[in-house]
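Take a moment to look at the sequence and the model together. The paragraphs that follow go from the overall layout to single residues.

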Amino acid sequence: GTLQSHAMIRSMDVRLERSKYAHTDRAFQVYYERFIAEPDHARALTEFLGLKFDEKIYRDTMAVQHSY
């Protein structure tokens, strides 16, 4: 169920955070909750990817209700 899925995902997150690969300049861990709530997290991701961050596009996109 949903609780088992959440626990499995959290377990994978913890393993990645502890991984030797998580803290290199070649890895960027995206936290969904932060990504949708904090423009700075989205900015850091786009900068990591070598892209320009456009806060207006970010805010416009986050303002649209998505339901998947």
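The protein contains four helices and zero strands. In sequence order, the pattern reads α-α-α-α. Keep in mind that this is a predicted model.

How do the overall dimensions look? Taken along the principal axes, the C-alpha atoms fill a box of roughly 35 × 35 × 15 Å. The radius of gyration is 14 Å, whereas a compact globule of 68 residues would have one near 11 Å. Of the 68 residues, 16% count as buried. Contacts can also be sorted by how far apart the partners lie in the sequence. Among contacts with a separation of 6 or more, residues 24 or more positions apart account for 5%. The protein exposes about 6,100 Å², and 57% of this area is supplied by carbon and sulfur atoms.

M8, I9 and M12 form a nonpolar patch on the surface, and together they have about 300 Å² of accessible area. I9 belongs to helix α1, which covers residues 2–18. The relative accessibility of I9 is 46%, so I9 counts as partly exposed; the cut-offs for that class are 20% and 50%.

Now move along the chain to helix α3, residues 39–48. Which residues of α3 are buried? They are P39, H41, A42, L45 and T46. Seen down the axis of α3, these buried residues fall within an arc of 160°, so they line one face of the helix. What covers them includes two other helices, α2 (32–37) and α4 (55–63). On the face of α3 turned away from the buried side are the exposed residues D40 and E47. After α3 comes G50, which has a positive phi, near 80°.

The next topic is charged side chains. How many salt bridges does a search of the whole structure find? The search finds seven. One of them joins R43 and D40, with a distance of 3.7 Å from N to O. R43 and D40 are three residues apart in helix α3, so about one helical turn separates them. An α-helix has 3.6 residues a turn, so residues three or four places apart point the same way. D40 is exposed because its relative accessible area is 56%, while R43, at 25%, is partly exposed.

The side chains of R59 and E55 meet in a salt bridge of 2.8 Å, N to O. R59 and E55 lie four residues apart in α4, and therefore about one helical turn separates them. Both residues count as partly exposed, R59 at 46% relative accessibility and E55 at 31%.

D60 also forms a salt bridge, with K56 as its partner, and the closest N and O atoms are 2.7 Å apart. Here too the spacing in helix α4 is four residues, so D60 and K56 are separated by about one helical turn. K56 is exposed, with a relative accessible area of 58%, whereas D60 is partly exposed at 41%.

Finally, consider how the pairs connect. D40, R43, E55 and R59 are linked in a network of salt bridges.

Key. Residues numbered from 1 in each chain as written. Predicted model: local features only at pLDDT ≥ 70, side-chain atom pairs only at ≥ 80, totals over all residues. Heavy atoms only, no water. Buried < 20%, exposed > 50% of the residue type's maximum accessible area, 1.4 Å probe, protein only. Arc of directions from axis to C-beta. Contact = heavy atoms within 4.5 Å. Patch = residues over 30% accessible without salt bridge, like charges linked within 9 Å, V, L, I, M, F, W, Y side chains within 5 Å. Areas by Shrake-Rupley, 256 points an atom, 1.4 Å probe, with all protein chains shown as cover. Salt bridge = Lys/Arg side-chain N within 4 Å of Asp/Glu carboxyl O. Rg over C-alpha atoms; globule rule 2.2 N^0.38 Å.
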